[in-house]
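Subject: Structure handover

Dear colleague,

Please find below the structure that I promised to pass on, together with its sequence. My notes on what turned up in it follow, and I would be glad if you read them with the coordinates open beside you.

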Amino acid sequence: VIGLNPCQGTLAYSAILSQTFQSLCASLGLHLSYLKSLFFVTLVALVPLCLMKNIHALAPFSVLGTASVVLTAVGMVWRCVDGTYRAPDGLYYQDLSDEMR
């Protein structure tokens with residue numbers, strides 16, 4: 001069972017990244033099916049990363065990813081505290097969909 005965890009993680013990353021890639025392509029006018037997007041992301045991005053013998057080269061990107069998550073969290077807290085989305089007079093409140101209000 002423990003040996004399946006890496007496979008499950010790779011499958012989860014493939015699913016998440018392929019949906020993101022599909023959305024990015026759609027915003028550029030290129031409409032890919034979910035299956036094509038899944039194969040592309042898995043074969044072009046994830047398989048080569050899984051086959052690396054030394055992952056030391058990925059360390060700078062790990063730092064960049066962690067810094068991005070921290071900056072996103074700071075921005076979310078900032079927007080929460082400054083009242084940008086506060087009802088009914090927040091700057092972006094009217095832009096929220098009804099189910100998000």
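From the N terminus on, the elements of the protein chain run α-α-α, so that the secondary structure amounts to three helices and zero strands. The radius of gyration of the chain is 19 Å, well over the 13 Å that the globule rule gives for 101 residues, and the chain is therefore more spread out than a compact globule. Please keep in mind throughout that this is a predicted model.

Along its principal axes the C-alpha trace spans about 55 × 35 × 30 Å, and buried residues account for 12% of the 101 residues in the chain. The chain exposes about 8,400 Å², of which carbon and sulfur atoms supply 72%.

Leaving aside residues up to four places away in sequence, Ser14 touches Leu38, Thr42 and Leu46. Leu11 also lies in helix α1, but this residue is exposed, with a relative accessible area of 59%. The C-alpha atoms of Leu11 and Thr42 are separated by 8.8 Å, although the two residues are 31 places apart along the chain.

The next point concerns the surface. Leu35, Phe39, Phe40, Leu43, Val44, Val47 and Leu51 form a nonpolar patch there, and together they have about 700 Å² of accessible area. One of these residues, Phe40, has its place in helix α2, which comprises residues 34-50. Phe40 is partly exposed, at a relative accessible area of 41%, and it can belong to the patch because membership asks for over 30%.

Finally, there is α3, which has 24 residues and reaches 35 Å from its first C-alpha to its last, close to the 34 Å expected at 1.5 Å a residue. Of those 24 residues the number buried is zero, so the helix lies largely in the open. Which side chains meet in a salt bridge? Those of Arg79 and Asp82 do, at 3.9 Å from N to O, and the structure holds one salt bridge. Both residues lie in helix α3 (residues 59-82), three residues apart, which is about one turn of the helix. An α-helix has 3.6 residues a turn, so residues three or four places apart point the same way. Arg79 is partly exposed, with a relative accessible area of 34%, and Asp82 is likewise partly exposed, with a value of 38%. The helix is followed by Gly83, whose phi is positive, near 80 degrees.

With best regards

Note on methods. Residues numbered from 1 in each chain as written. Predicted model: local features only at pLDDT ≥ 70, side-chain atom pairs only at ≥ 80, totals over all residues. Heavy atoms only, no water. Patch = residues over 30% accessible without salt bridge, like charges linked within 9 Å, V, L, I, M, F, W, Y side chains within 5 Å. Areas by Shrake-Rupley, 256 points an atom, 1.4 Å probe, with all protein chains shown as cover. Salt bridge = Lys/Arg side-chain N within 4 Å of Asp/Glu carboxyl O. Helix = DSSP H or I, 4+ residues; strand = E, 2+ residues; numbered from the N terminus. Buried < 20%, exposed > 50% of the residue type's maximum accessible area, 1.4 Å probe, protein only. Expected span 1.5 Å × (residues − 1). Rg over C-alpha atoms; globule rule 2.2 N^0.38 Å. Contact = heavy atoms within 4.5 Å.
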